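Open the model in your viewer and turn on the cartoon view.

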Amino acid sequence: MLKIGEKQVLRIDKQVPFGVYLTGDVPGERVLLPRSQVPEGAQIGDELEVFLYKDSEDRLIATRKEPKLTLHQVGYLTVIQVSRIGAFLDWGLDKDLLLPYHEQPSERVKEGQTVLVAVYIDKSQRLCATMNVYPWLRTDSPYQTGDQVTGVVYETSRNFGAFVAVDSIYSALIPRRELVRELKAGDVVEARVTGVKPDGKLDLSIREKSYLQIEEDAGTILRMLEERGGELPFTDKASPDQIREETQMSKNEFKRAVGHLLRTNKIAIEENRIILL
């Protein structure tokens, strides 16, 4: 069977002036390999490894060139052109790969940008790219709790947190409670594995371990106080939502940092405010 988006070994079935026709195991199925791709001295019956995709006229065609990504693979490609239907990516073949607008985040990609994508087959049976790589990320990472990893954010959610592709291939999440700063799609993060779920997906944190994080959070609060004239118009009794919106910390993290600053006599807490001493 001829499989679009995949590399496979096919046999030369017929030679024509503009190339050769290749066939597989299914009688009657064949695909053209253009003359420029036919190796010198090739004969009927020879086997060739080729990649199948559709040309600019929507015809299935074979190539011996090596695509940078095949079907359902995840990796980085560069935007070489932006048009009214989407962005075109360089994936190493004569016809560029389309990244439709509906497969991009709200912040559209730009020419020259390198983006993390997966290859999929659209409703018209053509190969396209998507920045929603979640379905094709792997869940068999070698990482364990406590390991340091590097990944790229590919989607954010107010409810869940930031979805990350660790090493660009493994599925991971920075839960909302662990987000100490705003992240957006395309950001590269250094993180610590805080758990491995039964399905193999990773939970991550970009926070330091607790004893280090208290110092960092306390420093953040001090900088906020200095920038706001020595006063914060809320205390650790404020709602969790207000604290997170103001500081990017959970209520418990904020309370621990405030307690640390109180013990070191750097702040005072009044009824509705925190002041710098």
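## Stop 1

Select residues 231–232 and 274–276. Strand S16 and strand S18 (residues 274–276) run antiparallel, joined by 2 bridges. Keep in mind that this is a predicted model. Now zoom in on Leu232. Which residue is its bridge partner in S18? The partner is Ile274.

Strands of a sheet pair through backbone hydrogen bonds, and the pairing is either parallel or antiparallel. Show the backbone atoms here.

You now have an open sheet of 3 strands, ordered S16-S18-S17, with antiparallel pairing. Which strands lie at the edges? They are strand S16 (231–232) and strand S17 (267–269), and each pairs on one side only.

Now select residues 251–263. This is helix H3, and it packs on the sheet. Helix H3 touches S17 and S18. Its direction makes about 115° with that of S17.

## Stop 1: strand S6 and its partners

Select residues 74–82, which form strand S6. A hairpin of 3 residues joins S6 to S7. Click on Thr78. Its bridge partner in S7 is Asp90.

S6 also pairs with strand S9 (residues 114–121). How many bridges join S6 to S9? There are 5, and these strands are antiparallel too. Click on Leu77, and you will find Val115 of S9 opposite.

## Stop 3

Select residues 148–157 for strand S11 and residues 161–166 for strand S12.

Follow one pair in detail. Val149 has Ala191 in S14 as its bridge partner.

## Stop 2: the largest pocket

Switch to the surface view. Rolling a probe the size of a water molecule over the atoms shows where empty space is left. The largest pocket has a volume of about 510 Å³. How many residues line this pocket? There are 14. Select the ones closest to its centre: Arg158, Arg176, Leu179, Glu182 and Gln248.

Now colour by element. Strand S11 (148–157), strand S12 (161–166) and helix H2 (240–247) each give two or more residues to the lining. Which element gives the largest share? Helix H2 does, with 3 residues.

## Stop 3: Glu246 in helix H2

Stay on helix H2 and select Glu246, which sits in this helix. Glu246 is partly exposed, at 30% relative accessible area. Look for its contacts beyond the neighbours within four places in sequence: these are Met224, Arg228 and Phe234.

Now try the distance tool. Pick the C-alpha atoms of Glu246 and Leu116. They are separated by 31 Å, and the two residues are 130 residues apart along the chain.

## Stop 4: salt bridges

Show the side chains. The structure holds 14 salt bridges. Start with Glu66 and Lys7, whose side chains meet in a salt bridge at 2.9 Å, N to O. Why does this pair tie together parts that are 59 residues apart in sequence? Because Glu66 lies in the loop between strand S5 (60–63) and strand S6 (74–82), while Lys7 lies in strand S1 (residues 7–16). Glu66 is exposed, at 52% relative accessibility, over the cut-off of 50%. Lys7 is partly exposed, with 37%.

Move to Asp199 and Lys201. They form a salt bridge, with the closest N and O atoms 3.7 Å apart. Asp199 is partly exposed at 41%, and Lys201 is partly exposed at 21%.

Now select Glu270 and Arg273. Their side chains meet in a salt bridge at 2.5 Å, N to O. Glu270 has 35% relative accessibility and counts as partly exposed. Arg273 is also partly exposed, at 29%.

Terms used. Residues numbered from 1 in each chain as written. Predicted model: local features only at pLDDT ≥ 70, side-chain atom pairs only at ≥ 80, totals over all residues. Heavy atoms only, no water. Salt bridge = Lys/Arg side-chain N within 4 Å of Asp/Glu carboxyl O. Helix = DSSP H or I, 4+ residues; strand = E, 2+ residues; numbered from the N terminus. Buried < 20%, exposed > 50% of the residue type's maximum accessible area, 1.4 Å probe, protein only. Pairing = 2+ DSSP bridges. Contact = heavy atoms within 4.5 Å. Axes fitted to C-alpha atoms, helices over the stretch in contact; angles between N-to-C directions. 1 Å grid on protein atoms, 1.4 Å probe; cavity = no way out; pocket = protein on both sides within 12 Å on 5 of 7 lines; lining within 4 Å. Points joined across faces, edges and corners; volume = space filled by probe spheres on them.
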